[in-house]
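Student: Hi, I've got a model open and would like to talk through how it packs. Shall we take a look together?
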Amino acid sequence: MNKLELKEDKMLKVQFVGDDDVLNHILDREGGTKLKKERVQLLVNTKKIIKKSECELEEDDQEVLKDEDYVEVLGTNVQDSLKNGSATEGGNKVYSFQNRKKPEKMSKLASELANTPRKNVSLDVKNGPEIMINIPQSSKGHSDSEKVQLKNNDKSEYISTTPHRLRKRLIVRSHSESESEYSASNSEDDEEVAQESEEDTKTFVGSQKSEAQNRIVSASICKETASKKMKREKTSDLVEEYFEAHSSSKVLTSDRTLQKLKRDKLDQQSLRQLLSKVPPSFSAELKQLNQQYENLFHKWMLQLHLGFNIVLYGLGSKRDLLERFRTTMLQDSIHVVINGFFPGITVKSVLNSITEEVLDYVGTFRSVLDQLDWIINRFKEDSSLELFLLIHNLDSQMLRGDKSQQIIGQLSSLHNVYLIASIDHLNAPLMWDHAKQSLYNWLWYEATTYSPYTEETSYENSLLVKQSGSLPLSSLTHVLRSLTPNARGIFRLLIKYQLDNQDNPSYIGLSFQDFYQQCREAFLVNSDLTLRAQLTEFRDHKLIRTKKGTDGVEYLLIPVNSGTLTDFLEKEEEEV
Amino acid sequence: MATSSVSKGCFVFKPNYKKRKISVPIEDYFDTKKNASEDSKLRFETYQLMWQQMKSETERLQEELNKNLFDSLIEFLQKSHCGLQKSSRDWGFQIKLREIPTAALVLGVNVTDHDSVFRSLTEVLQNTVTPHVVSLQAKDCPDMKHFLQKLISQLMNCCVDVKSNEEGSVHVTQKRTHYSMDLLFDWYKTVTQKAEPKLPSKKRTTCQWQSPPVVLVLKDMESFTTKVLQDFITVSSQHLHEFPLILIFGIATSPVIIHRLLPHAVSSLLCIELFQTLSCKEHLSSVLDKVLLTTQFPFKISEKVLQVLTNIFLYHDFSIQNFIKGLQLSLLEHFYSQPLSVLCCDLPEAKRRINFLSANQCENILRLPSFQRHVEKQTPEKQVALLTNERSLKEEAQSLLENLHAYHVNYFLALKCLHNFTSSLPKYPLGRQIRELYCACLERNIWHSKEYSSALQLLRMLAKDELMTMLQKCSSVFKSSSENQLDNTAKKIEEFLAQFQSLDDVKEEEDSSGSQAKGLQKTDLYHLQKSLLEMKELRRTNKKQTRFEVLREKVVDFIDCLVRDYLLPPETQPLHEVVYFSAANILREHLNAAPRIALHTALNNPYYYLKNEALKSEEGCIPNIAPDICIAYKLHLECSRLINLVDWSEAFATVVTAAEDIDAKAAPSEEMSEIIQYPFISSTLVQTHIKCNKKSNNEGFPILHVILITPFLYTGWFPPTLQ
């Protein structure tokens, strides 16, 4: 056949060709090519090669990057590794979108979690039905979270030794609960509750089940990569959910405030004391974890000496671990401990402590870069010099800047400077671009300790912990007690005026002139000079703040919240 | 001394001077905590030695690969400089005189590797072209002042070095002066004037080297501020006749960036020539070839490890340096964790070391799975001898090591041979790069794979000249190897070649088949395959094959035999554990860690870390006795962007009371509720610390909210390489 064709080709022929012939010809060709393609596939191989052929079209020597292979390899490796999380099933969730959640879901989950049976406890059987019975008693109109409270209530009644105060508080709480309006989705709530009451007491069991079913379904969808349509639908769902979650600028939650809880704010110290009373759970397991990490100390030293630097990550404070490393391994060598979480830390201070204390240099530098150059030169010249840098929280607010990281990276790239650091922030690895990473030459070690971040968070402010910067009640009374009665009167005037105006949102303070007038009327001062002298005293003790208004008049303000002020006034009056 | 304080964040610890002198040698850290007897010192020394060899080998390789580039670059520099020096009245030349000769060096995105390239470039330039080579980085020169300062101080420094410090005093006095372009030009004048009388004695007379050019290397051209570049280029182009400047731009992306950074008025002042480095993939394959696919280094890595390393390379950074770092780590891990790695050295040395092995180590050998398999295959008498007699065990191990060495020699030859045959097949069923083929061969018996059989099928359809070039390549592979293990194979290939040659003469006579072969070569591969298949069927029906086809069949069979004989996966070899490093997970854990996943797992599945049965639960929910932070985290996941702290804390309390309640019914509730609240506070603090959430700044707002910023987009481990 082939031969014939070839021979024909050699002879040139001219002949008329009708449209039909042309059409036939073309169709034939197509069939032919199809046939060929099939052949090729038979010949060669199935999937992989088809994928490759796409790339081949681009002709350049682009690598064929087989994504699936990559994921597969990385995934399988994780499975047999002891640490480093379970990436295979976690991936989807770790990097998923945030979607819209119903406001009452949290309390629901809480009750679910509260009721999940404990495995090895026999008491559970006894306790379970009691809770079950309690639930239907709650009236239908209540929201879910209230149900939780009622449960609490029941429980506290059930425990006979409940002090009266707590019960009162609980009741108060539920009162406030009913008066607070759920601006968000009342109707939804009702529906939810109605459904729940329909489903009777075992709602949580049911919902758990259905949730589990959902999960299974979605998992199976994931696995069936063949059904692309499903997948597409799923992604579009994802997109919709994402925009739903981020569309409205107003996010509604309940309007309950901490003040209504009537709980005293604690300062750091008492918080710490209270926490120390709580017995640590799983101490045996935690100890085992720590033991595992401690066994690596020798290896760390080795790798540090061989030019790598070590970074620790994982949940839990790694400060204690590093401290133990320091005390066991580094006693005989020069080392610098840097608390990255310390709010006042700067690269300059790090470099200063190296130049001044380690290298005993007295003198100043024109810039940080000069200082760095000097240090680098010193270390290069004197190879017997060795320095260990221990940085807790390399990713802290103060050190995470590009320049700081560059400088620390350059330090750590010196062959006789050894760096061992810890990071906590979720996105800490994003601090380093390729250049910095090669400077650091990291070896990553996971150190999940679950130990509390006591030291690290002690500088952190929280709404629930009293801030040490603000003026607490006790110091207020202390300062005022040392003042003259006149001065105290002046201050009380200011407090009263401020309390009168506490509901006025545009209140910026009492103007000096008005204040002077009031003080005169109360026979507290006789000239504005004496008033100014008093105010200076207050200002020195940070009892007042002055502010220039738009009209150039001075306004006086006490930077203490009204609750404290009321307490203070009450106390004053008691004493009087 | 404590390491926490409210007033400072840095604590320096200096041990006593006497104590400090007793520094621990690094080898001591090499001991695995068990006992020091297992040759740890020797192992460490072997590691050090091998790593040094590998390192120098890779460095040498890099130099070799850069040589071409550097040569052309130097040629360009010399040419352009000579052009600058020639004074001509030509108008075109006057124009040219204003243009600064510029070499744009496209280096690729593997920024990490650039440093070494520039280092050797500076060295080469200083040796051959001019003493005045300055290299600047963008981060050192945010503005013109710093730019000039760096430039001038570096220039003067390198000058001082050249002139044996005679101008040291001048250098110091000038340190305080104001840096300006004028200073630069004046400095250049004095330097050239001083140098002039000396120069004729030197051998730099190919063109007028009286005024050596100043070469300025901008390492990362993309990140320089445009204003600095523009100003500098305009000013120096004005003074080009008195200050012969040559620029070298290091470019990571593409040369278009020059025009994007510089306006036309400025870029027209440059006379740009483009240079391209070797692509990093080629670099990688040559590194692989020189370091792994050779018997020079006994250390080998398993398929998984190789895949992890190449994946990090291909998917993350394209950095050779990091690849070598990975190799170093695997080498270290191997010597650290495998006590028998003491035998991972040259064959004669290893044999010697076997004789000195301790009883413990012999025990280790016996425990190796591959060795156990080997023992099982032996006759009973020999088994007993091996298991009981140390002497015979050592002898056996020696011979096994020898076999292993021979196996590797053959393996790599066969691998290269096979690669020659398969690398140019259509659609690359076995991969285009040798590393893909190597991975496949390491993984399992390659001849069981579909890809292999399809490759063979394709081979059976090759034309004669293609086959011949492949055979020629193979024979050159065999020739280049010094070891003569596969001598008869090489001979056989020669024979095949000769037969093909003789075939030519015969073919001339058979005109029909000859013309057909010619016709075939013109068509493309699809047609070729198709027609070949058809021909094959035809032949089959005719039961008649041409001599060429018979020969081709023979060649393919020969290759198949070669593969089946020599490309056995290493797991089949006894004692392979001695030289193969296979713990890919360790490598991945330390090089390509995922802190995010670790955090996620710790929060969602505490059982993973705390192996307590009580914590075991199905996916997605956690028991209420889990660590506080896990519970708080789980609860906060149920909220949208804002979370009410009160709700949160109460939900938390519900969960925890339910858990505590069972244990301590009698506990007074008042105190308990307090105790429950505080762990919550601390766990919210922790979450602020690891930044799962963030406080809203809205202080005046009556409701206390915490904004959840659990990031929803995964941007990848590595930030964009280029700013």
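Student: How many residues does the largest nonpolar core have, and which have the most contacts inside it?
Tutor: This is a predicted model. Its largest nonpolar core has 212 residues, and A:Trp300 and A:Ile354 are those with the most contacts inside it.

Student: Which helix gives the most to this core?
Tutor: That is H19 of chain B, spanning residues 390–422, with 14 residues in the core.

Student: Back to A:Ile354: what is it in contact with, leaving aside neighbours within four places in sequence?
Tutor: The partners of A:Ile354 are then A:Leu359, A:Ile375, A:Phe379, A:Leu387, A:Leu389 and A:Leu411.

Student: And what does the second, separate core include?
Tutor: That core has 42 residues, including B:Trp187 and B:Leu229.

Student: New topic: helices. At what angle do H12 and H14 of chain B cross?
Tutor: Roughly 25°, with the axes of H12(B) (residues 280–291) and H14(B) (residues 320–337) coming within 10 Å. Angles under 35 degrees count as roughly parallel, so H12(B) and H14(B) are roughly parallel to each other.

Student: Is that crossing left-handed or right-handed?
Tutor: The crossing of H12(B) and H14(B) is right-handed. On the H14(B) side, the contact is made by B:Ile320, B:Phe323 and B:Leu327, while H12(B) brings residues including B:Cys280, B:His283 and B:Leu284.

Student: What classes are those contact residues?
Tutor: Eight are nonpolar, one is polar and none is charged.

Student: Last one: how many helices and strands are there in chain B?
Tutor: Chain B has 31 helices and eleven strands, and 55% of its 723 residues are buried.

Definitions and conventions
Residues are numbered from 1 along each chain as its sequence is written. Chains are lettered from A and ligands numbered from 1 in the order in which they are written. This is a predicted model: local features need pLDDT of at least 70, side-chain atom pairs count only at pLDDT 80 or more; totals for chains, interfaces and linings use all residues. Side-chain values use heavy atoms; hydrogens and water are left out. Axes are lines fitted to C-alpha atoms, for helices over the stretch in contact, and angles run from 0 to 180 degrees between N-to-C directions. Helices (H or I, at least four residues) and strands (E, at least two) are DSSP runs, numbered from the N terminus. Angles under 35 degrees count as roughly parallel, over 145 as roughly antiparallel, 65 to 115 as roughly perpendicular and the rest as oblique. A crossing is left-handed if the near helix is turned anticlockwise from the far one by less than a right angle, and right-handed if clockwise. Contact means heavy atoms within 4.5 Å. Ala, Val, Leu, Ile, Met, Phe, Trp, Tyr, Cys and Pro count as nonpolar, Asp, Glu, Lys and Arg as charged, and the others, Gly among them, as polar. A nonpolar core is a set of buried Ala, Val, Leu, Ile, Met, Phe, Trp, Tyr and Cys residues joined through side-chain atoms within 4.5 Å. Buried means under 20% relative accessible area, exposed over 50%, partly exposed in between (1.4 Å probe, protein chains only).
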